Structure formats: C-alpha cells, structure tokens
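Dear colleague,

Here is the structure I promised to hand over, with the sequence alongside. My notes on what was found follow below it.

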Amino acid sequence: MNKQTLTFPENFWWGSAWSAEQAEGRGETGKAETVWERWYKQEPYRFYNRISSEITTDHIHRYKEDIQLMKATGHNSFRVSISWARMFPADGTGAVNQKAITFYRDLFTEMNAQGIKVFANLYHFDMPAKLQDQGGWESRDVVEAYVHFADTCFKEFGDLVYHWFTFNEPLGPILGSYLEDFHYPNIIDFKRGAQAAFFTVLAHAKAIAAHKKQQLQSKIGVILNLSPTFPRSQNPADIKAAEIADLFYTRSFLDPMVKGVFPKKLTGLLEEYGQLPEDITETDLALIKENTAQILGLNYYEPRRVKARLSAVNPDGPFLPEWFFEPHIMPGRKMNEYRGWEIYEKGIYDLCMDIKNNYGNIEAFISENGMGVADEERFMDEQGQVIDDYRITYIKDHLAYLWKAIDDGCNIKGYHLWTFIDCWSWINAYKNRYGLVSLDLATQKRTIKKSGEFYKQLSDSNGFEYDIDLLVSTDGSYLND
C-alpha cells in the first residue's frame with residue numbers, strides 16, 4: 001500500500017445539497033400546488049410506496065435542529081433551493097408570500113450564524129402547476145414569471161446568500177417531460193422539448209442579468225448533471241455515436257449557459273431533422289451570449305457509454321436522441337445495483353478536465369455526488385446507527401480523483417454530497433437512501449450515520465489518508481467488503 005494524505009485547497013467547500021420539494025414539506029406558510037403534488041393526486045401509483053412530498057424531511061419545522069446536524073457532519077456550506085410555489089402561493093405569480101420570506105430569512109440567517117455558507121438554487125424541478133398549465137418552460141410568460149421570482153429572491157435574500165444558481169439539472173425536466181416519461185406532464189415530443197430547453201436557457205440568462213443589476217457580492221451560476229461520454233470502441237461508427245450523445249446530453253446546456261452559444265453541430269443536426277424550436281429571436285440569442293454562468297456546479301454520478309446503433313430506427317416513431325446511438329453495457333463494469341448506475345470514480349476527473357480544457361477553467365465545484373442504497377436498516381448496529389462503510393469508500397474514491405483533478409490544475413472549489421439527511425427522491429420516494437444522516441419516516445428522528453462522522457473528520461482535516469495506488473485502478477465490491 002502507498003498511503004498518502006490528500007489535502008484539499010484552503011477554504012474548500014465541504015457540504016451537501018437537497019431541494020425544497022424533497023425536504024421542506026408543505027408546512028403552513030402557504031404554497032401553490034407544484035407539478036409533483038398534482039401528479040401524485042392524479043397517479044399516486046407512479047410513486048414508490050405511494051409516498052408524496054407532503055411531509056418529506058419536515059425541514060420547514062426542524063431547520064434549527066438540522067443546522068446543528070450540518071455542523072455535526074462537517075458542513076461549512078449547504079445548497080438549498082427556494083420554493084417558487086412557496087414564494088408565490090397563488091399561482092407562481094402575483095403577490096409575494098411574506099411568510100415564505102420570513103422562513104427563508106430565518107433559515108439563511110441561522111445557517112450563516114453557524115458558519116455555513118448559503119448556496120441558493122432557484123429552480124429544482126418544482127414548477128407551480130398553474131404555470132405548467134400555461135405552457136411551463138414552453139411559454140415566454142412563464143420565463144418572465146421565473147425572472148420575477150428570481151429578482152424577488154435577490155432583493156429579499158441577497159444579503160444572506162453566498163452563491164446563487166439559476167437551475168439544478170435543467171436537462172432533467174426536458175428529458176422527463178418530453179422524452180422519457182418520468183416527469184409531469186409526460187409528453188413525448190422532442191420539438192416541444194427543444195423549445196422548453198431554449199426558454200430554460202433564456203430564463204437562466206435573464207436571471208443572471210437581473211442578478212447583475214442588484215450589484216450583489218455573490219456570484220451566480222448553474223448546476224448541471226454531466227457525464228463524460230465514452231464510445232464502446234475506437235471504431236469510427238462508435239466514436240460518432242458518442243459525439244452525438246455528448247451533444248444531446250452534455251453540450252446542449254453546458255455550451256449556452258457557460259459559453260453563451262449553442263453547439264453548431266447540435267443545431268445543425270436538429271435543423272436537418274426539423275426539430276429546432278421555432279420561437280427564437282436575435283434578442284434572445286444576444287441575451288444568452290451576454291449573460292453566462294459565473295460559477296458552475298457539476299453533478300456527477302455515472303459515466304455515459306454508447307455505441308453505434310445495431311438496429312434500424314422506426315421512421316414513424318417519435319424523434320429521440322437514441323436514433324443515433326444506443327447504450328453500451330461495458331463488460332466488467334462496477335454497479336450500484338440499487339440505482340442501476342455504474343460506479344466509475346475516474347469519471348469525476350475526466351469531467352473536471354473537460355471543464356478545464358474546454359470551458360475556460362471556470363470556477364466550479366462538485367455540486368452532487370453520492371450513493372443511494374436500499375434497505376439500509378440491514379447495516380444498523382445495536383444503537384441504531386447505519387454503519388455505511390460502502391458510502392465512505394465511495395466518497396473517498398471519488399474525492400481521490402477530484403484531488404488529482406485539482407492537482408492537475410482544475411479550478412474546483414468544493415465538494416457537496418447528495419445528500420444531508422435521507423430525503424424524498426421524486427417518484428422513488430425513500431426507496432434508496434443517500435444521506436449522511438438517517439431518517440426514521442415514522443418519527444422523523446435523525447441519526448448520524450458512520451459516513452456522517454467520517455464527513456466531519458474529512459472537513460476538519462480538509463483531507464484524508466488514501467492508498468494512492470488505487471487512483472490507477474479501483475475495483476472491488478463496496479457492499480461486500
């Protein structure tokens with residue numbers, strides 16, 4: 001073994017992230033119906049064990065206790081999202097909710113008082129349902145409603161927020177709503193999805209413009225879910241398939257939100273197939289060009305592996321990115337079988353190097369990374385603590401490659417785990433647990449897991465000891481060590 005202490009840069013951001021819809025609970029402040037609440041009412045059977053977002057982690061009532069748990073697990077920063085539906089409880093517009101302002105100001109004030117920097121995200125999948133009725137992200141009126149919401153947040157909380165983010169994983173609602181049927185309103189229509197994607201990028205730019213006008217000390221950026229794309233082989237057909245997949249899933253939002261321009265290869269491909277959005281103006285493009293992210297959050301969970309299609313596309317079927325490639329199941333890959341995701345730690349290094357080499361080495365941080373495991377009660381000791389050594393190993397192996405990326409010049413300022421306390425995961429509810437702190441759903445009791453104790457040591461030491469030889473090759477099964 002070649003043990004070495006891996007030390008991270010001074011003032012590194014150690015923390016975690018979650019969202020309003022997944023953690024707050026509805027509470028008594030007043031809140032518009034979100035698309036998730038409506039979908040649950042319409043199709044509760046689509047949600048694991050029929051668990052809704054009504055209570056979740058009940059953070060709205062327990063935030064002071066939770067902030068103490070943040071301190072106990074080594075947080076010096078934490079990413080929340082601000083609920084659009086709570087801020088504007090009528091329909092996402094109209095009069096702002098003073099009770100919501102009081103809640104968020106109290107929350108952010110307490111976080112700051114306890115030495116925890118507030119990273120505030122403005123949109124995490126939780127569209128007010130009435131605004132979805134007006135077209136959602138396909139509507140210019142909804143874009144303007146979002147910008148009004150964002151500007152209100154800058155004015156009300158700008159003195160308390162360290163960094164702002166316009167969107168978390170903007171690709172997610174496009175895939176789920178328009179291509180893959182996992183997000184309300186479950187439409188299968190690529191061209192409509194492309195219009196919604198374009199207006200999402202426009203909303204991002206307009207929110208950044210509004211932030212600039214406030215002349216705040218904070219920076220504003222975006223959080224993207226990015227996976228390095230690997231071809232099955234060096235065969236030209238596989239390489240082309242990987243390039244197209246990368247355009248759809250990585251460059252589609254990364255380029256316009258960070259560089260201010262859309263990739264020409266992608267727009268050319270969509271034009272060839274008649275899938276370009278129609279409502280685009282030169283003024284829109286100029287706004288996008290002039291208002292780009294100042295900081296970038298990188299959500300990394302798994303790589304993307306693809307190969308050239310082996311079967312013909314049905315020309316009468318709906319247009320989809322998979323017309324140009326299909327997934328490649330790499331022999332011998334290591335899996336988190338609970339989530340169905342490959343575990344490939346070096347991918348976090350590859351991702352950071354891509355940002356360094358192709359995006360001006362923009363200031364960035366890992367905004368999500370984590371391991372969801374089902375039935376963690378199996379790993380509880382007699383005192384009721386989850387002994388999640390598999391999660392500790394997962395974190396260490398990814399952080400080792402992140403350390404290497406920083407050592408090789410990547411401008412990475414922090415690492416946020418998904419997540420802090422086991423939280424509600426959209427249609428999966430509490431099937432898989434991700435937290436540093438376990439949650440008893442019946443009692444709302446919080447108990448720090450072994451990984452939470454490790455995370456405190458990690459943060460206090462600003463590093464950890466690691467067998468550096470594992471950076472060359474990592475293998476083995478976390479859950480059976």
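I begin with a loop, the one between α13 (346-358) and β13 (364-368), where Asn361 lies. Please keep in mind throughout that this is a predicted model. Asn361 has a positive phi of about 50 degrees although it is not a glycine, and at 24% relative accessibility this residue counts as partly exposed. A second residue of this kind is Thr56, which is not a glycine either and yet has a positive phi of about 45 degrees. Thr56 is found in the loop between α2 (35-42) and α3 (59-72), and with a relative accessible area of 5% it is buried. As background, most residues other than glycine have a negative phi, and most peptide bonds are trans.

The peptide bonds deserve a look as well. The bond from Tyr184 to Pro185 is cis, with omega near 15 degrees, and Pro185 sits in the loop that runs between α8 and α9. Another cis peptide bond joins Trp418 and Thr419, with an omega of about 5 degrees, and here Thr419 belongs to the loop between β15 (412-417) and β16 (432-433).

Turning to the pockets, the largest pocket holds about 1,300 Å³ of space. Its lining is made up of 45 residues, and those that lie nearest the centre are Phe182, Asn225, Glu302, Arg339 and Trp341. Among the elements that contribute, α8 (171-178), β9 (304-307) and β12 (341-342) each supply at least two residues of this lining. Sorted by class, the lining of the largest pocket has 21 nonpolar, 13 polar and 11 charged residues.

The second largest pocket holds about 460 Å³ of space. It is lined by 24 residues, of which Ala194, Ala197, Phe262, Leu266 and Leu270 are the closest to its centre. At least two lining residues come from each of α8, α9 (190-214), α10 (236-259) and α11 (264-272), and the largest share, six residues, is that of α9. By class, this second lining has 20 nonpolar, three polar and one charged residues.

Three strands form an open sheet in the order β7-β9-β10, and the pairing within it is mixed. The edge strands of this sheet are β7 (229-231) and β10 (326-327), each of which pairs on one side only. Between β9 and β10, which run antiparallel, there are two bridges, and Lys307 stands opposite Glu326 in β10.

How many disulfides does the structure hold? The structure holds zero disulfides. For Cys410, the nearest cysteine sulfur is that of Cys352, at 5.3 Å, and because a disulfide is taken as a pair of cysteine sulfur atoms within 2.5 Å, Cys410 is in no disulfide. Cys410 is buried, with a relative accessible area of 5%, and Cys423 is likewise buried, with a relative accessible area of 3%.

With best regards

How values were computed:
Residues are numbered from 1 along each chain as its sequence is written. This is a predicted model: local features need pLDDT of at least 70, side-chain atom pairs count only at pLDDT 80 or more; totals for chains, interfaces and linings use all residues. Side-chain values use heavy atoms; hydrogens and water are left out. Buried means under 20% relative accessible area, exposed over 50%, partly exposed in between (1.4 Å probe, protein chains only). On a 1 Å grid over the protein atoms alone, a cavity is a set of points where a 1.4 Å probe fits but cannot get out, and a pocket is an open set with protein on both sides within 12 Å along at least five of seven lines; lining residues have an atom within 4 Å of a point. Grid points are joined across faces, edges and corners, and a volume is the space filled by probe spheres set on the points. Helices (H or I, at least four residues) and strands (E, at least two) are DSSP runs, numbered from the N terminus. Ala, Val, Leu, Ile, Met, Phe, Trp, Tyr, Cys and Pro count as nonpolar, Asp, Glu, Lys and Arg as charged, and the others, Gly among them, as polar. Two strands pair if DSSP finds at least two bridges between them.
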